[in-house]
Amino acid sequence: MSTGGDILVHLTAAGGCLRALAARTTETVEEARRRHDAFPTAAAALGRTLTGAALLGAVLKGQQRLMIEIVGDGPLGKIVAEADAAGNVRGYVHHPHVHLPSNAQGKLDVAGAVGSGHLYVVKDLGLREPYRGLVPLVSGEIAEDLAYYLNVSEQTPSACILGVLVAPEGSVRAAGGILIQMMPGAQEDEELVQRLEERIRAMPALSRSIDEGLGPLEILLGLLEGMEPKRLEERPVRFHCSCSKERFSSGLVSLGKEELEEIARTQGGAELVCHFCGQVYHVSEDELRALIAQAGG
Ligand SMILES: [Zn+2]
């Protein structure tokens, strides 16, 4: 088991031609698995998406945030992950009770559980309109799909590795991800690109390395050896949901007086469940009456 909390490291290399990010997300993914009671294949798919969001979120600042949505026609349904600039990630999978037989490589069959469909990225960068990108899923394995999105939609040549190791009893043993991006100008450096591709191909499975106790910095430094890696930043990553009873209550108020009275009359109180973290909020009939007064008439 990896120890020491989840972390994301951000490096540059080859004189700024490369941006390299690596994250250990074991605790974050295990927390998500536990909250959503996700079965192994679902836990791997959700964990990869959460880790991908944390990696893409590494360049966010201040109040900026982003969301990745994987909408496939497989048994998992939709997978959603959000990340902010502080390293908070949260997410869910529509059908968490999905586990498929292993694929031909003996690995969790994430692609089979995702199916074919689309990957969406929405970035709220504090501008008037959020940025939206969309690509078809190329493999359903999520890392390749994210790399394809970055290559095609953001025109940044990128390599992405995402790994989640699930223990036989179903908990997450190790999780993490790597994202290497070529900055403008680097594409022409054929030799650098080739050397990197060879090293990525020769890498042992990322989740195994993390399980063996290798940190994201060590892993990246190994990958970028001889390419003058420079450490830029480190930030923690954690599963954290911004939901609260107050937020759900104001959402209830927006339903309007009539609808709330109907709920009070037929159900007494209300029980609200946050999709992102599974937290249940109970609103008593008294509290509902107070909200009805707020909703006015
Ligand atoms: Zn929540």
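Predicted model: local features only at pLDDT ≥ 70, side-chain atom pairs only at ≥ 80, totals over all residues.

Trainee: Why are α1 and α2 called oblique to each other?

Mentor: The axes of α1, residues 26–36, and α2, residues 40–56, cross at roughly 135°. Roughly perpendicular covers 65 to 115 degrees and roughly antiparallel begins over 145, and the rest of that side counts as oblique. The pair α1 and α2 is therefore oblique. Their axes come within 9 Å, and the crossing is right-handed.

Trainee: Which residues make the contact of α1 with α2?

Mentor: On α1 they are T28, V29, A32 and R33, and on α2 they are A43, L46, G47, L50 and T51. By class, that contact has five nonpolar, three polar and one charged residues. Gly counts as polar in this scheme, so G47 of α2 is placed with the polar residues.

Trainee: What makes α9 and α10 roughly antiparallel?

Mentor: Helix α9 spans residues 257–267 and helix α10 spans residues 285–295, and they pack at an angle of about 165°. The label applies to angles over 145 degrees, and α9 and α10 are therefore roughly antiparallel to each other. Their axes are 9 Å apart, and the crossing is left-handed.

Trainee: What does α9 bring to the contact with α10, and what does α10 bring?

Mentor: From α9 come K257, L260, E261, I263 and A264. They meet E285, L288, R289, L291, I292 and A295 in α10. The contact of α9 with α10 has seven nonpolar, no polar and four charged residues.

Trainee: Why is α8 described as oblique to α10?

Mentor: Helix α8, residues 245–253, packs on α10 at an angle of about 55°, with the axes 9 Å apart. That makes α8 oblique to α10, since roughly parallel needs an angle under 35 degrees and roughly perpendicular begins at 65. The crossing of α8 with α10 is right-handed. S249, L252 and V253 of α8 and L291, Q294 and A295 of α10 make the contact, which divides into four nonpolar, two polar and no charged residues.

Trainee: What is the strand order of the six-stranded open sheet, and which strands are its edges?

Mentor: The order is β7-β6-β3-β4-β5-β11, with mixed pairing. The edge strands are β7 (131–136) and β11 (238–239), as each pairs on one side only.

Trainee: How do you know that β5 and β11 count as paired?

Mentor: Strand β5, residues 88–93, and β11 share two bridges, in the parallel sense. Pairing requires at least two bridges, so the two bridges of β5 and β11 meet the cut-off. N88 stands opposite R238 in β11.

Trainee: What is the order of the five-stranded sheet, and how do its strands pair?

Mentor: The order is β8-β9-β2-β1-β10, and the pairing is antiparallel. Its edge strands are β8 (158–166) and β10 (230–236). The twist averages 10° from one strand to the next. Strands β1 (residues 7–13) and β2 (residues 18–24) pair over seven bridges, and H10 stands opposite L21 in β2.

Trainee: Which strands of this sheet do α1 and α2 lie across?

Mentor: α1 lies across β2, β8 and β9 (172–182), at about 125° to β9. α2 lies across β1, β2, β8 and β9, at about 140° to β8.

Trainee: How many bridges join β12 and β13, and in which sense?

Mentor: Strands β12 (residues 270–273) and β13 (residues 280–283) pair over four bridges in the antiparallel sense. The bridge partner of L272 is Y281 in β13. Six residues separate the strands of this hairpin, and G278 takes a positive phi near 80°.

Trainee: Why does the radius of gyration agree with a compact globule?

Mentor: With 297 residues, such a globule would have a radius of gyration near 19 Å, and the chain has 21 Å, which agrees.

Note on methods. Residues numbered from 1 in each chain as written. Axes fitted to C-alpha atoms, helices over the stretch in contact; angles between N-to-C directions. Left-handed = near helix turned anticlockwise from the far one by under 90°. Contact = placed C-beta atoms within 7 Å. Rg over C-alpha atoms; globule rule 2.2 N^0.38 Å.
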